[in-house]
Amino acid sequence: MRREDLADADCGIAQALGVLGDWWTFLIVRDVAGGTTRFDALQRELGVSRRALTERLGALVEHGVLERRPYSRHPPRYDYLLTARGEGLLPVLIALQDWGTRHLMGDGDVTATADAGSAEARRAHDLVGRRLPAVVLPAADGQPVAVAATAAWTVLYLFPGAYAPGTHGYPPGWAEIPGARGCTLESTTYAKRHPDFVTAGVQVYGISTQRPDQLADFAAYAELPFPLLSDEDGRLGAGLLLPVFRAGGVTRFKRLTLLVDPTAVVRAVQFPVTDPAGSVQEMLTVVGEHAGAPG
């Protein structure tokens, strides 16, 4: 009898664990979301046996979590890609990461930042050298933006949440969450310094997990000259395992900034960001060091 045959037919948790009850399976989905889509690369990253990986990949394809897409006919080779059903697991991965970081690696308190020497900070800085996953995020105006296909130096600043006055977006207790405040200041400072980034040949995107309509209201209020993107579905967050926290029933990014080169490879990381306004000038200096622009 297979494990999934033992699941409670009326319980969604039991049914899900019938498909995903093996911890290797979660790690496979994690790595595929991050852009590792080929068998040999997955085996190298996970350190799992070829037989075990073959079995788990086959099960995920059978259950519609992954699909196989050929990239070589002779010999036959495949990319393993998330289906719509697989993408539905991304919030689960993010929730597991948040729970582990907060309750197993931390003291259980809600925080929008991290200690500079923490495991969370080390993981964020380990993003240097990583290629962005091929995700498409909606801008505030609803237009899709492929953040890994811009062919230009790019600053991605990720922020917990910013709302136009009168929209009642901030949850109760927001001001008491360490690191949560400062999103409006950070965004307006990027707006003021935007001409310097343009002169440097660098484009700027702000990204949060807010809905596009919320971002549109804030962008109009703050008169931002660059796009805001919504990662409401967790595609970028899960793909890069970005630091997150929960507030007001919503998963939110901790404040973090990436400098990405024209080949979509991360070249610099700011995390934790303790000075939202000052970090903008710091990023201009980093841009000068990496992209040859004046700091």
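**View 1. The region that UniProt lists as "domain: HTH hxlR-type", residues 11-108, comes from an unreviewed entry.** UniProt positions follow the numbering used here, with feature names shortened, and such annotations may be inferred rather than shown by experiment. This is a predicted model, in which local features need pLDDT of at least 70 and side-chain atom pairs count only at pLDDT 80 or more, while totals for chains, interfaces and linings use all residues. Residues are numbered from 1 along each chain as its sequence is written, and side-chain values use heavy atoms, with hydrogens and water left out. Over residues 11-108 the chain is 61% helix and 13% strand, helices (H or I, at least four residues) and strands (E, at least two) being DSSP runs numbered from the N terminus.

**View 2. Helix α2 spans residues 23-33 and is mostly covered.** Eight of its 11 residues are buried (under 20% relative accessible area, against over 50% for exposed and in between for partly exposed, with a 1.4 Å probe and protein chains only), among them Trp-24, Leu-27 and Ile-28. At the start of α2, a side-chain oxygen of Asp-22 comes to within 2.7 Å of the backbone nitrogen of Trp-24, and just after the helix Gly-35 takes a positive phi of about 105 degrees.

**View 3. Strands β1 (residues 66-72) and β2 (residues 77-82) pair in the antiparallel sense.** The pairing, for which DSSP must find at least two bridges, runs over six bridges, and Glu-67 has Leu-81 in β2 as its bridge partner. Four residues lie between β1 and β2 in the hairpin that they form.

Note on methods. Polar contact = N/O pair within 3.5 Å; in protein donor to acceptor, adjacent residues only side chain to side chain.
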